[in-house]
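Reader: I would like to go through this model feature by feature. Please give the general idea each time, then the case at hand.

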Amino acid sequence: MKKTGLLNAEISSLIARMGHTDCLAIADAGLPIPETTERIDLALTAGIPSFLETLDAVLSEFQVEKIYLAEEIQTKNATLLAAIRQRFPQTPIVFISHEALKKELPHCKGVIRSGECTPFANVLLQSGVVF
């Protein structure tokens, strides 16, 4: 049994297979995930696990060099945006429309679905390097 870090085998495997500039998405419970993109569904009930709990678990093992958020989060979910900014103080944030974000999902290596039920709680994490 794994002693530390992510215990979810699917997420741990996905992160291990990521290369520089590959993208991984963390999604709320309502984001439409393309059938062609690997889906790791963690949603149990509304709000469980939360977007931030899921993000924090992923960040414990994943190096991020850039993030993409829906521009709508700025006005529709400012509280979550502030929490995301706290986690990425030095990381570039690119705002794109929610529709553009959804169009990027087929290019992601995987989408992790949380139980989050607040608006625009979705992020694309672009993989960085640790060297």
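This is a predicted model: local features need pLDDT of at least 70, side-chain atom pairs count only at pLDDT 80 or more; totals for chains, interfaces and linings use all residues.

Reader: Where does threonine 21 lie, and what is its phi?

Author: Threonine 21, which is not a glycine, has a positive phi of about 75 degrees. Threonine 21 sits in the loop between helix 1 and strand 1. Phenylalanine 120 also has a positive phi, near 60 degrees, and is placed in the loop between strand 5 (110–113) and strand 6.

Reader: Which residues does the cis peptide bond join?

Author: The general idea is that most peptide bonds are trans. Here isoleucine 48 and proline 49 are joined by a cis bond, with omega about -10 degrees. Proline 49 belongs to the loop between strand 2 (39–41) and helix 2.

Reader: In what order do the elements of the protein run?

Author: Starting at the N terminus, the order is α-β-β-α-β-α-α-β-α-β-β, which comes to 5 helices and 6 strands. The radius of gyration is 14 Å, close to the 14 Å from the globule rule for 131 residues, so the protein is as compact as a globular protein of that length. Of contacts between residues at least 6 apart in sequence, 87% join residues at least 24 apart.

Reader: Which residues touch the most other members of the largest nonpolar core?

Author: A nonpolar core joins buried nonpolar residues through side-chain atoms within 4.5 Å. The largest one here has 26 residues, and Leu24, Phe51, Val58, Phe62, Ile67, Ile84 and Leu125 touch the most other members. Two or more residues each come from helix 1 (9–16), strand 1 (23–27), helix 2 (51–59), strand 3 (64–70), helix 4 (78–87) and strand 6. Strand 3 gives the largest share, 4 residues. Apart from this core lies another, of 12 residues, including Ala25, Ala27, Tyr68 and Ile96.

Reader: What does leucine 24 touch?

Author: Leaving out residues up to four places away in sequence, the contacts of leucine 24 include Leu14, Ile15, Met18, Val58, Phe62 and Leu125.

Reader: Is valine 130 buried or exposed?

Author: Exposed means over 50% relative accessible area. Valine 130 is exposed because its value is 72%. Valine 130 lies in the segment after strand 6 (123–127). Together with Val129 and Phe131, Val130 makes a nonpolar surface patch of about 380 Å². For the protein as a whole, buried residues make up 44% of the 131 residues.

Key:
Residues are numbered from 1 along each chain as its sequence is written. Side-chain values use heavy atoms; hydrogens and water are left out. Patches are made of residues with over 30% relative accessible area and no salt bridge: like charges are joined within 9 Å, nonpolar side chains (Val, Leu, Ile, Met, Phe, Trp, Tyr) within 5 Å. Accessible areas come from the Shrake-Rupley method with a 1.4 Å probe; for residues, only the protein chains shown count as cover. A salt bridge is a side-chain nitrogen of Lys or Arg within 4 Å of a carboxyl oxygen of Asp or Glu. Buried means under 20% relative accessible area, exposed over 50%, partly exposed in between (1.4 Å probe, protein chains only). The radius of gyration is taken over C-alpha atoms; the globule rule is 2.2 Å times the number of residues to the power 0.38. Contact means heavy atoms within 4.5 Å.
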